[in-house]
Structures are given as C-alpha cells and as structure tokens.
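This briefing is meant for a reader who is meeting the structure for the first time. It begins with the contact between the chains and then turns to helix packing and the nonpolar core.

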Amino acid sequence: MLEVTELACLRGDRMLFANVALTVRPGELVRIAGPNGVGKTSLLRLLCGLALPEHGQVCWKGVPLAQGREAFHRDALYLGHAAALNDLLTPQENLRFAAACHGLGVDAGACELALERIGLGPQRELPAKVLSQGQRRRVGLARLYLSENVPLWILDEPFTALDVAAVRDLADWLDRHCARGGMVIMTTHQDVPFATPMRTFDLAESAC
Amino acid sequence: MLSVFLEVLRRDLLLAWRNRADVLVTLAFFTIVACLFPFGVGAEPNLLRTIAPGVLWVAALLATLLSLHRVFSQDHADGVLEQLLLSPEPTVLWVLAKVLAHWLTTAVPLIVAAPALALLFDMTQSATEVLILSLLLGTPILSLLGGVGAALTLGLRGGGMLLALLVLPLFVPILIFGAGAVDAYLAGTGATAHLMLLGGGSLGALALAPWACAAALRIAVE
C-alpha cells in the first residue's frame with residue numbers, strides 16, 4: 001500500500017501543490033488528472049523517489065521512502081516521459097540493461113518475448129535511432145511485460161504516441177496487473193477503456 | 001549486487017565501441033596538443049627532454065577534460081540516468097562502473113600512445129617507463145574527480161566551460177606529482193615518493209569520489 005500524506009511540491013520558488021493526500025491499495029488503478037502545468041509529473045517523481053518533497057512524506061507498506069529506499073525501488077517501476085533508450089543500442093540491449101539494473105533477473109529469451117508481445121519482434125536487433133516515436137515508446141513499455149512481480153507501476157503518459165491497437169493491449173495489460181493485486185498510478189489525457197474501475201485524483205484541487 | 005556494476009560497465013564499453021570516433025578524437029587531441037609544443041618552443045633536444053613530462057601530462061589532462069562531459073550527459077538526456085537512480089542497487093556501484101569505463105576508454109588509450117610521443121621528445125626509455133607508471137597511477141584520479149565535476153555540471157547551460165573551471169584547479173596537484181615523478185627520477189632522487197603520493201591519491205579518490213558523484217547526480221535529476 002502506498003500512502004501519501006500532506007505532500008507539497010516546490011518548483012523554483014513557486015509552490016505547485018500542497019496538502020496532497022492519497023492512498024493506493026492493491027488492485028487499484030489511479031489516474032492523476034489536472035490541466036497542463038499543475039504538477040502531475042512532479043507528483044509522480046515525488047512518488048517514485050526521484051525528487052524530494054518540500055513537505056509531507058510518501059510511505060510504502062508503512063515505511064517512509066527515506067528509510068526504505070532499496071525495498072521500495074525493488075517494488076516500484078517508474079516510466080517517465082523519456083523512453084530511457086540509448087540510440088546506439090538495439091531495443092533488445094536496452095531492455096536487457098533496464099531489466100538488469102532493476103534486479104529483475106531476466107534472460108535474453110524473456111526480453112525477446114516481451115518485445116514480441118509489445119509488437120517489436122522484427123525491430124529487435126535494429127539500433128534504436130531508426131525507430132519511430134511510437135516504437136521507442138513501446139521499448140520502454142516492454143518492461144511492463146517483465147515486471148509482473150513488481151507491485152507498483154508509476155506511469156507518466158504511457159499512451160502517448162501509441163496506435164489504437166497498442167493502447168487497447170496496454171490497457172488490457174494494466175487491467176490484468178490490477179487483477180493480480182498490483183497497483184497502477186498514471187497520468188493520461190486520453191480516454192482509455194479500462195475494465196478496472198478507475199479512480200481519478202484531481203490534482204487541480206490541491207494546486208496553489 | 002555485482003551484476004549492476006558489470007552490466008553498466010559492459011554497456012558503457014559497448015557504447016564506447018559503437019561510438020569509437022569519440023575515443024579516437026580524444027586520442028588525436030592528445031597527440032596534436034603534445035606535438036604543438038616543439039613548434040612553439042623550438043626543437044632544441046635538451047629543452048624538449050626537460051619539458052616532455054610536463055607537456056605530456058598537460059596534454060593528457062586536457063584530453064581527459066575534453067571527454068568528461070560524455071560520462072553522464074547522454075544518459076541524462078535519454079532518461080537512463082533516472083532509471084539508474086531508481087535501481088534498488090547502491091548508486092555508488094554503477095557510478096564506479098561508469099567512471100571505470102571512462103578511464104578504460106580515455107586514459108588507457110592515452111597511456112598506450114604516450115611512449116610514441118615520448119620518443120618525439122627524445123625521452124630516454126627509463127624516463128618513459130616512469131612517465132607511464134605516473135600516468136597509470138595518476139589518471140584514475142582524473143577520471144574520479146572529473147566524474148564528480150561532470151555530475152555537478154550536468155544539465156547546466158555552459159556546463160562544459162564550468163566543468164573546466166571546476167576540475168582544472170583540482171588537477172594541479174596531480175600534474176605536479178605526475179610530471180614531478182619523471183623530473184625526480186632524472187635528477188637522481190628517485191620517483192618512489194611521487195608515485196606513492198599519486199597511488200595514495202587514487203585510493204583516496206576511489207574511496208570518496210563515487211559518493212560525491214552519486215549525491216551530485218541525485219541533485220541533477222531533481
């Protein structure tokens with residue numbers, strides 16, 4: 001369970017939001033909503049521990065992030081705006097590297113399978129620089145197919161640049177993650193057909 | 001725990017291989033800077049022999065400086081750095097792997113090329129050996145301290161210039177003891193003291209710099 005209490009975020013010398021309280025339980029799908037610039041990405045970065053809050057704290061399984069960093073990072077996956085790809089490496093190499101750094105302990109076969117499931121089978125051995133925007137996005141998202149045992153997924157605009165079929169597949173996979181007892185926190189401006197009842201958290205209400 | 005170290009090292013070496021032009025440019029820069037001096041000061045053999053250790057050390061220092069921005073900048077732009085910081089493994093491990101990859105792909109080629117340039121300056125073989133030894137012991141400090149500088153200036157406007165201002169003063173002691181080792185050897189006092197100081201400096205930097213680097217990277221992505 002992820003618990004956020006009295007969270008405040010300072011950007012430069014402007015307070016973006018304050019008093020954010022949010023609890024995410026196993027099986028829940030939470031969408032962070034709000035207009036551009038309200039601080040959705042900043043909130044996600046606070047949740048995954050990339051940034052430090054001005055005030056308040058984030059607790060994972062009752063332990064504040066500052067004290068349980070390693071355990072939390074083992075349990076959480078964050079996919080940001082950048083696809084985290086190196087242009088000179090192939091999707092296969094990029095994915096293997098990302099998985100290895102997170103201690104996922106997957107072999108080359110599992111990575112191949114994940115890339116095939118996300119629809120990049122034929123492009124597996126091409127350098128990432130020749131991929132299209134949507135294909136680059138997919139390489140990043142392929143990690144979701146290797147992270148079934150990682151309970152908390154924090155996704156920043158995962159549906160950007162994807163085609164209709166890919167959006168449907170991804171929504172289905174997120175549904176299945178929630179059904180397994182996983183948690184998904186994400187931002188999106190698209191209307192995506194989820195089977196899981198989606199809880200919307202409106203950040204605009206906490207904006208300063 | 002060692003796996004993240006090996007993975008990052010392997011990836012950075014693979015990237016250096018795919019991007020080998022960068023390594024060659026650094027090496028060419030080193031060679032050209034060293035070759036400029038005889039044109040400037042004249043080709044008097046005694047003079048060249050005297051200035052050779054200093055010139056080669058300064059050239060190695062500048063060549064290292066030129067390559068430092070590569071340690072983290074690409075990963076920072078791609079978002080790979082964020083993912084690495086979210087790894088459950090200790091940050092210092094992969095920072096160390098990155099610095100080691102930088103040393104292997106920048107300093108080692110320079111050290112390999114140095115004997116040829118030493119010949120150009122008419123250095124004796126035994127003096128060249130001392131020079132190589134001093135480079136081997138001293139260049140890890142350049143990579144380690146340079147890594148901290150690169151992390152501190154990551155994502156800043158005009159970061160390259162700032163990086164030079166930040167790390168060049170810190171490189172001064174290394175230059176003094178590195179070039180001084182050869183001078184001391186030629187003067188007959190023996191280079192042991194200088195080399196031991198360089199080795200000690202390397203160990204000290206190895207113990208402290210990765211932590212400073214990890215802290216600076218956390219600030220850089222925030």
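How many residues does the contact take from chain A and from chain B? In this predicted model, the contact takes 21 residues from chain A and 21 residues from chain B.

**The side of chain A that touches chain B**

- Helix 2 (69-75) and helix 3 of chain A each supply at least two residues of this side, and the largest share, 4 residues, comes from helix 3 of chain A.
- By residue type, the side of chain A that touches chain B divides into 14 nonpolar, 5 polar and 2 charged residues.

**Helix packing between the chains**

- The axes of helix 3 (residues 91-101) of chain A and helix 1 (residues 2-18) of chain B come within 9 Å and cross at roughly 155 degrees, which makes helix 3 of chain A roughly antiparallel to helix 1 of chain B.
- The crossing of these two helices is left-handed, and the contact is made by A:Phe97, A:Ala100 and A:Cys101 from helix 3 of chain A together with B:Ser3, B:Val4, B:Glu7 and B:Arg11 from helix 1 of chain B.
- The residues of this helix contact comprise 4 nonpolar, 1 polar and 2 charged.

**The nonpolar core**

- The largest nonpolar core has 129 residues, and those with the most contacts inside it are A:Leu47, A:Ile154, A:Val184, A:Ile185, B:Leu56 and B:Ala60.
- Helix 7 (residues 125-152) of chain B gives the most to this core, with 14 residues.
- Leaving aside residues up to four places away in sequence, A:Ile185 touches A:Val24, A:Val30, A:Ile32, A:Leu44, A:Leu47 and A:Ile154.

Technical notes:
Residues numbered from 1 in each chain as written. Chains lettered and ligands numbered in written order. Predicted model: local features only at pLDDT ≥ 70, side-chain atom pairs only at ≥ 80, totals over all residues. Axes fitted to C-alpha atoms, helices over the stretch in contact; angles between N-to-C directions. Parallel < 35°, antiparallel > 145°, perpendicular 65-115°, else oblique. Left-handed = near helix turned anticlockwise from the far one by under 90°. Contact = placed C-beta atoms within 7 Å. Nonpolar A, V, L, I, M, F, W, Y, C, P; charged D, E, K, R; others polar. Core = buried A, V, L, I, M, F, W, Y, C linked by C-beta atoms within 7 Å. Buried ≥ 20, exposed ≤ 12 C-beta atoms within 10 Å, placed from the backbone.
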